[in-house]
Amino acid sequence: MAEEKVLQTNNQPEEVANLEKIVTPGQLVMKRFLRNKLAIAGVVILVCMFLFSFLGPLFTSYGEYTIFFVKDGVEFSSDDHKGMDPQESGVKINGKAKPSKAHLLGTDKDGRDILVRLMYGGRISLLIGFVVVGLQLAVGVIMGGIAGYYGGVIDNLIMRLVDIFYCIPTLPIMLIVSSIMVAYGVPQEYKIYILMLIMGILGWAGVARLVRGQILSLREQEFMVATEAIGLHPAKRIMKHLIPNVMPQLIVIATMGMGSVILAEASYSYLGIGVPFPLASWGNMVNTVTDPIIMREYLNIWFPPGFCILLTVLGFNFVGDGLRDAFDPKMKR
């Protein structure tokens, strides 16, 4: 009997261990992330902004460029004239209209509905954020991966190139490019693509430096020695074994960088070198604040896009902070 009790006691921890649920690293990261209230708030903010920007225009009866006119107290639009001609005498553009049932946020100085332009502007601002960050990650991962894996002369060359890109003043370059596009008559619809391309090219250096540092610490570990022993091609070693180990840091950089790119686009548009009018972006909508009369008397024109920028950047920063803490193995929460 004593021996049976001893055996039961010895087997008990083993049975308890078998009952314990195995938690994968991904599940552990998700569990830490879901416990972060600010990160969840950031996700909710971003989901709301995406729904507002991409699904909101589906529920409106007029478009981004629709201009509203008024004659004898009767309003009509450039899409629906209601038998009226905008060129008739007595017809005025319904600009700087106060918020009403017809226009929840009023109209801007050109007679366009602010709420509708806010939705379309969100599409442009968010699209620029994703495309620019995608370009930065693509170039940065390739250059940093090559530098960290091969080292030596290649590493020195790429790192000196990174130093050069760090020293390039972004704002003067953007001003010069904007002047060149004006001089050569580049169509307005193409300027946004050139803007995204330049912002992506000028911003990859930080990603490359991070990837290179991580790969330098990973390439001498046992699993990398094993891939070299079996004769795996260097490109496959980098893309299939090294880069996936750097993905947590890249995800954090992407989420944190998204807010920075949106702020940069808003700054460029405010200076007149970003998204060209009449395309709407939150940045060029805030640009109306340069008029002191609008800034003082028409809060409904410039405050909503500024508030959208604030919310979106906060959302990305909250999610980035949450992911950083979730991927950190030292975090106990």
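Select Thr107. It is buried, with a relative accessible area of 0%. Here, buried means under 20% relative accessible area, exposed means over 50%, and partly exposed is in between (1.4 Å probe, protein chains only).

Before moving on, some ground rules. This is a predicted model, in which local features need pLDDT of at least 70 and side-chain atom pairs count only at pLDDT 80 or more, while totals for chains, interfaces and linings use all residues. Residues are numbered from 1 along each chain as its sequence is written, and side-chain values use heavy atoms, with hydrogens and water left out.

**Stop 1: around Thr107**

Stay on Thr107. It sits in the loop between β3 (92-93) and α4 (114-150). Helices (H or I, at least four residues) and strands (E, at least two) are DSSP runs, numbered from the N terminus.

Which backbone atoms does the side chain of Thr107 approach? One is the backbone oxygen of Asn94, 2.7 Å from a polar atom of that side chain. Another is the backbone nitrogen of Lys96, reached at 3.4 Å. A polar contact is a pair of N or O atoms within 3.5 Å; within protein, one must be able to donate a hydrogen and the other to accept it, and residues adjacent in sequence count only if both atoms are side-chain atoms.

Now show the surroundings. Leaving aside neighbours within four places in sequence, Thr107 is in contact with Asn94, Gly95, Lys96, Ala97, Arg112, Asp113, Ile114, Asn300 and Ile301. Contact means heavy atoms within 4.5 Å.

**Stop 2: Lys96**

Select Lys96, in the loop between β3 and α4. Check its backbone: phi is near 55°, a positive value in a residue other than glycine. Most residues other than glycine have a negative phi. Is Lys96 buried, exposed or partly exposed? It counts as partly exposed, at 27% relative accessibility.

**Stop 3: α3 against α4**

Two packed helices are described by the angle between their axes and the distance between the axes. Show helix α3 (residues 37-54) with α4. They pack at an angle of about 120°, with axes 7 Å apart. Axes are lines fitted to C-alpha atoms, for helices over the stretch in contact, and angles run from 0 to 180 degrees between N-to-C directions. α3 and α4 are therefore oblique to each other. Angles under 35 degrees count as roughly parallel, over 145 as roughly antiparallel, 65 to 115 as roughly perpendicular and the rest as oblique.

The crossing of α3 and α4 is left-handed. Left-handed means that the near helix is turned anticlockwise from the far one by less than a right angle; right-handed means clockwise. To see the contact, select Met49, Phe50, Phe52, Ser53 and Phe54 on α3, then Leu115, Leu118, Met119, Gly122, Arg123, Leu126 and Phe130 on α4.

**Stop 4: α4 against α8**

The angle between them is about 35°, and their axes lie 7 Å apart. This crossing of α4 and α8 is right-handed. On the α8 side, pick Val207, Ala208, Val211, Arg212, Ile215 and Leu216. They meet α4 residues including Gln136, Leu137, Gly140, Val141 and Met143.

**Stop 5: helix α10**

Go to Ile243 in helix α10 (residues 234-270). Ile243 counts as buried, at 7% relative accessibility. What does Ile243 touch? Not counting residues up to four places away in sequence, the list is Val141, Val211, Ile215 and Ile238. Draw a C-alpha distance to Gln214: Ile243 and Gln214 are 9.1 Å apart in space and 29 residues apart in sequence.

Pro248 is also in helix α10. Pro248 counts as partly exposed, at 22% relative accessibility. Pro248 and Arg324 are 76 residues apart in sequence, but 7.9 Å apart C-alpha to C-alpha.

**Stop 6: Lys191**

Select Lys191 in helix α7 (residues 188-202). At 13% relative accessibility, Lys191 counts as buried. Beyond its neighbours within four places in sequence, Lys191 is in contact with Met181, Val182, Val186 and Pro276.

**Stop 7: the cysteines**

Select Cys308, which is buried at 8% relative accessible area. Its closest cysteine sulfur is in Cys48, 11 Å away, too far for a bond. Then select Cys167, which is exposed at 63%.

**Last stop: Met30**

Finish at Met30 in helix α2 (residues 25-35). Met30 is partly exposed, with a relative accessible area of 46%. From Met30 to Pro57 is 27 residues in sequence and 33 Å in space, C-alpha to C-alpha.

Terms used. Disulfide = S-S within 2.5 Å.
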